[in-house]
Amino acid sequence: MHFILAALLALGALLDLALGASFFVDPATAGVDFGLQSPTPMGLSAMRGDFAAFFWVAAISMGIGAWKRRADVLWPALALFAIAFSGRLVNLLVVGDYDGWWQPMTVEALHVIVIGLAIRTFPWNGTSPVAPA
């Protein structure tokens with residue numbers, strides 16, 4: 001089980017690393033895939049900084065968690081994707097659906113499930129399989 005979870009975390013980390021890089025290198029093009037269009041320097045700056053940070057922090061957290069098999073380092077990635085999923089769910093309920101609404105929510109839900117399972121399965125601080133009290 002540890003190997004499978006570590007492999008899934010590593011794959012997710014690679015995906016998030018690539019997404020972060022795409023926003024860092026070419027935010028205008030990467031933003032289109034997320035339904036964003038911002039031709040202004042301020043908007044491009046926000047996409048480059050904020051989206052790259054989101055995906056790179058998640059990727060680093062998941063990569064270290066997968067490599068070291070440590071639950072404690074996975075919390076930042078879990079928080080990022082749980083909040084992102086929650087925001088999309090609120091938007092779905094308040095604003096309504098749009099074409100392809102389920103795709104990003106599925107990716108975020110899968111992240112939350114895999115990271116949550118890894119947190120429950122991997123040891124904390126690399127020492128104990130039980131979370132601290």
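Reader: Before we start, what am I looking at?

Author: It's a predicted model, where local features need pLDDT of at least 70, side-chain atom pairs count only at pLDDT 80 or more, and totals for chains, interfaces and linings use all residues. Residues are numbered from 1 along each chain as its sequence is written, and side-chain values use heavy atoms, with hydrogens and water left out.

Reader: Fine. How many helices and strands does the protein have?

Author: Helices (H or I, at least four residues) and strands (E, at least two) are DSSP runs, numbered from the N terminus. Here you get 5 helices and 0 strands, in the order α-α-α-α-α from the N terminus on. The C-alpha atoms fill a box of roughly 50 × 35 × 25 Å along the principal axes.

Reader: What share of the 133 residues is buried?

Author: Buried means under 20% relative accessible area, exposed over 50%, and partly exposed in between (1.4 Å probe, protein chains only). By that rule, 29% of the 133 residues are buried.

Reader: Which residues of α5 are buried?

Author: An α-helix has 3.6 residues a turn, so residues three or four places apart point the same way. In α5 the buried ones are Met105, Glu108, His111, Val114, Ile115, Ala118 and Ile119. Their cover includes α1, α3 (41-68) and α4.

Reader: And how far does α5 reach from its first C-alpha to its last?

Author: The expected span of a helix is 1.5 Å times one less than its number of residues. With 20 residues, α5 reaches 28 Å, close to the 28 Å expected.

Reader: On to charges. How many salt bridges does the structure hold?

Author: Side chains of opposite charge can pair when their charged atoms come close. A salt bridge here is a side-chain nitrogen of Lys or Arg within 4 Å of a carboxyl oxygen of Asp or Glu. The structure holds 2 of them. One joins arginine 70 to aspartate 72, with the closest N and O atoms 2.6 Å apart; arginine 70 is partly exposed at 25% relative accessible area. Another pairs glutamate 108 with arginine 88, with 2.8 Å between the closest N and O atoms. Glutamate 108 lies in helix α5 (residues 102-121) and arginine 88 in helix α4 (residues 75-94), so this pair ties together parts that are 20 residues apart in sequence. Glutamate 108 is buried, at 8%, whereas arginine 88 counts as partly exposed, at 26%.

Reader: What about aspartate 16: which side chain of opposite charge is nearest?

Author: For charge, Lys and Arg count as positive and Asp and Glu as negative, while His and the chain ends are not counted. Aspartate 16, in helix α1, is buried yet has no salt bridge, and the nearest opposite charge is arginine 88, 11 Å away. Contact means heavy atoms within 4.5 Å. Leaving out residues up to four places away in sequence, aspartate 16 touches Phe55, Trp56, Ala58, Ala59, Met62, Phe81 and His111.

Reader: Last one: which residues make the nonpolar surface patch?

Author: Patches are made of residues with over 30% relative accessible area and no salt bridge: like charges are joined within 9 Å, nonpolar side chains (Val, Leu, Ile, Met, Phe, Trp, Tyr) within 5 Å. Here Phe3, Ile4, Leu8, Leu11, Leu14 and Leu17 make a patch of about 640 Å². Leucine 17 sits in helix α1 (residues 2-25) and is partly exposed, at 44%.

Conventions: Accessible areas come from the Shrake-Rupley method with a 1.4 Å probe; for residues, only the protein chains shown count as cover.
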